[in-house]
Amino acid sequence: PRKQTPVEEIPKLTKVSDVMDNQATAMDPLFKKIGQTQFSDADWAAITSAAARVQATSLKIKDFSKGAEFDALAMKLNQQAGELAATYANKDSAAANTALGNMKATCKECHKKFR
């Protein structure tokens, strides 16, 4: 399911599936763009929006903690979302690709261990 809960409403979510669906809705389209040498203005808008959404969801996901390792992965994703957001200032496509790749790897790691 696709979820686009307003960022300010994410702390009120009561189901882990809603939190994860918000992350997937934001990130899956961007993961498909990994490797692009340039991003359009629409891509940069999506990057900025997704970074904010993942920062909020990665904090909220800790409410559904599965232990210290789970929480550490959530915080790692939160940090990476901050790094992704920072790429917008200079529209640094290489840095955005790195951040997206790191985020995808963190998502896969977490899914492998906890899904």
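This is a predicted model: local features need pLDDT of at least 70, side-chain atom pairs count only at pLDDT 80 or more; totals for chains, interfaces and linings use all residues.
Residues are numbered from 1 along each chain as its sequence is written, and side-chain values use heavy atoms, leaving out hydrogens and water.

**Salt bridges**
- A salt bridge is a side-chain nitrogen of Lys or Arg within 4 Å of a carboxyl oxygen of Asp or Glu.
- By this rule the model has 8 salt bridges.

**The network around Glu109**
- Salt bridges link Glu69, Lys76, Glu109 and Lys113 in a network.
- Lys76 and Glu109 form a salt bridge through their side chains, 3.8 Å from N to O.
- Lys76 is in helix 3 (residues 68–86) and Glu109 in helix 4 (residues 93–114), so this pair ties together parts 33 residues apart in sequence; helices here are DSSP runs of H or I with at least four residues, numbered from the N terminus.
- Lys76 is partly exposed, at 37% relative accessible area.
- Glu109 also forms a salt bridge with Lys113, at 3.2 Å from N to O.
- Glu109 and Lys113 are 4 residues apart in helix 4, which means about one helical turn separates them.
- Lys113 is partly exposed, at 42% relative accessibility.

**The pair Lys60 and Asp63**
- The side chains of Lys60 and Asp63 form a salt bridge of 2.7 Å, N to O.
- Lys60 is buried, at 11% relative accessible area, whereas Asp63 is exposed, at 54%.

Note on methods:
Buried means under 20% relative accessible area, exposed over 50%, partly exposed in between (1.4 Å probe, protein chains only). Helices (H or I, at least four residues) and strands (E, at least two) are DSSP runs, numbered from the N terminus.
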